[in-house]
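This report describes one protein model for a reader who has not seen it before. Please look over the sequence and the structure, then read on.

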Amino acid sequence: MDMETIVKQTLLITGGAGFIGSNLCEHFLSKGYDVVCLDNFATGHMHNLDKCLHNENFKLIEGDIRNFDDCVKAVRGVNYVLHQAALGSVPRSLEDPITTNDVNVSGFLNMLTAARDEKVKRFVYAASSSTYGDSEGLPKVEDVIGKPLSPYAITKYVNELYAEIFSKTYGLETIGLRYFNVFGRKQDTNSAYAAVIPKFVQQLMRLESPLINGDGTYSRDFTYIDNVIQMNELAISTVNASAVNTVYNTACGDRNTLNELMQYLKAYLSKYDSKINDVEILYGVNRKGDIPHSLASIDKAKTLLGYDPKFSLEEGLKEAVDWYWNNLKEKK
Ligand SMILES: NC(=O)c1ccc[n+]([C@@H]2O[C@H](COP(=O)([O-])OP(=O)(O)OC[C@H]3O[C@@H](n4cnc5c(N)ncnc54)[C@H](O)[C@@H]3O)[C@@H](O)[C@H]2O)c1
C-alpha cells in the first residue's frame, strides 16, 4: 500500500436521522468519512437523510439503542462514536419518565459498553445544558452545576457520570458536549415537543399567533447547528491529552431574550410575507421548571479545543429562516 494512503475513518452517529444527527451525517460525509447511522426513527425522519442515503460511504442501521445487540452491530469497525440518540424534551420526560430513562440512560450505557468492547478511539456524546439545573450563576461554567429540574436533566447528568467512570476504569476516551438550545435546518417543527424556534417559525409562517411562556424576558444561549458541528469535529480530532475525558459547554456564548428572538424571526420572515410583521404575539404564564436565564461560558472549549463559533443568533437565524421558508412553505 502507498505510504501516503490515508486510512479511512469510520464514524458511528447514533440518532443520525434526527435534527443534530442528520446534520452531523451530512457534514462528516462531505469531509470524506465513512458514516454509519443507527436510529429507530422514534423522533427522527428518513427525509432528514435524503442527502446521505445515496452516498456509498453511508450505511443506515435501523435499530434501537435499548437493544444491546443493535449497538454491537452498529459499532463494529468504527473509529469514533458521536452519540446523539436520546429522547429530548423536558415536558416529554415529565409525562413519561420511564421511557426517557430507558432510552437516555440504559441506551447510553449500552452504547458506551459496546464502544468500549470495540475499542473505539473516542466516544463523543450529546450532553445538555439542563445539567446546570437550578444553579443560578451566569455564565455557566462546566464545574459548577446545580440540582436537576426534570427527569430529562437527570438522564443527561447520569450520562456524564457513566462516561467519566468508563474513562477512568476502562480507559475509553470520552468527551461530553453540553448543548445549549440548538437550532437550525431540519429541526422538527411538527412534534408535540418541538423546540421554540421551529415552533415559532411554523406558526408565523401560518400567520398564527405564537405563545410566549411568561413576559418574554427570559433569555437563552441560542446555538446555531454549525457551531455544534464545529464542536463535534474538534472533539473527535483533538490530540490534546488534557482535552479528553471531560465535558464542554457547546454554545454561542451570548444570550437573547425570547422577545428579541421573536423580533428577529418576524423581521427575517416578513421578507417573504409582509403580513407576518402584523401577527400578534401572545403571552402566557411561565412554564414550571423553566429557569429565567441561561448563558454558557465557552472559555474551556476555546482554550482546550480551539473552538471559534462562527454564528451569532442573528446569523444563524437568517440561514435557518431561509431554510424553513424554502423547505416548508408548501406544507405550511
Ligand atoms: N436540540 C437541542 O437543543 C439539544 C439540547 C441539549 C441536548 N440535546 C441532545 O442532542 C441529541 C440530539 O437531539 P436532537 O435535537 O437532534 O433531537 P432529535 O429528536 O431530532 O434526534 C434524536 C434522534 O435519536 C433517535 N432515537 C431516539 N430514541 C432512539 C432509540 N431508542 N434508538 C435509536 N435511536 C433513537 C430519534 O429517532 C432521533 O432521530 C439528544 O441526545 C438530545 O438530548 C439537544
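How many of the 5 residues of β1 are buried? In β1, 5 of the 5 residues are buried, so the strand is largely enclosed by the rest of the structure. Here buried means under 20% relative accessible area, exposed means over 50%, and partly exposed is in between, with a 1.4 Å probe and protein chains only. Strands are DSSP runs of E with at least two residues, helices are runs of H or I with at least four residues, and both are numbered from the N terminus.

The model is predicted: local features need pLDDT of at least 70 and side-chain atom pairs count only at pLDDT 80 or more, while totals for chains, interfaces and linings use all residues. Residues are numbered from 1 along each chain as its sequence is written, and side-chain values use heavy atoms, with hydrogens and water left out.

**The protein as a whole**

The protein has 10 helices and 13 strands. Its radius of gyration is 20 Å, close to the 20 Å that the globule rule gives for 332 residues, so the protein is as compact as a globular protein of that length. That radius is taken over C-alpha atoms, and the globule rule is 2.2 Å times the number of residues to the power 0.38. Along the principal axes, the C-alpha atoms fill a box of roughly 65 × 45 × 40 Å.

Of the 332 residues, 53% count as buried. The accessible surface comes to about 15,200 Å², and carbon and sulfur atoms make up 50% of that surface. Accessible areas come from the Shrake-Rupley method with a 1.4 Å probe; for residues, only the protein chains shown count as cover.

A contact means heavy atoms within 4.5 Å. Among the contacts with a separation of 6 or more, 80% are between residues 24 or more positions apart.

Strand β1 covers residues 10–14. Thr 10, Leu 12 and Thr 14 lie on one side of β1, Leu 11 and Ile 13 lie on the other, and all of them are buried. In strand β2, 5 of the 6 residues are buried, so β2 is also largely enclosed by the rest of the structure. Strand β4 spans residues 80–83, with Tyr 80 and Leu 82 pointing one way, Val 81 and His 83 pointing the other way, and all of them buried.

Two strands pair if DSSP finds at least two bridges between them. The pairings among these strands are listed below.

| Strands | Sense | Bridges |
|---|---|---|
| β1 and β2 | parallel | 5 bridges |
| β1 and β4 | parallel | 4 bridges |
| β4 and β5 | parallel | 4 bridges |

Individual residues can be followed from strand to strand. The bridge partner of Thr 14 in β2 is Leu 38, and in β4 Thr 14 stands opposite His 83. His 83 in turn stands opposite Tyr 125 in β5, a strand made of residues 122–128.

**Loops with particular backbone values**

Phe 41 lies in the loop between β2 (34–39) and β3 (58–62). Its phi is near 60°, a positive value in a residue other than glycine. Leu 207 also has a positive phi, of about 60°, although it is not a glycine. Leu 207 sits in the loop between α6 (196–205) and β8 (211–213) and counts as partly exposed, at 37% relative accessibility.

The loop between β5 and α5 (151–170) holds Pro 139. The peptide bond from Leu 138 to Pro 139 is cis, with omega near -10°.

**Around helix α10**

Is Phe 311 buried or exposed? Phe 311 has a relative accessible area of 16% and is buried. This residue lies in the loop between α9 (299–305) and α10. Not counting residues up to four places away in sequence, Phe 311 touches Tyr 224, Asp 226, Asn 227, Cys 252, Gly 316 and Glu 319. Phe 311 and Ile 225 are 86 residues apart in sequence and 8.8 Å apart in space, C-alpha to C-alpha.

Glu 314 is in helix α10, which covers residues 313–328. At 27% relative accessibility, Glu 314 counts as partly exposed. Leaving aside its neighbours within four places in sequence, Glu 314 is in contact with Tyr 264 and Tyr 268. Glu 314 and Val 72 are 242 residues apart in sequence and 41 Å apart in space, C-alpha to C-alpha.
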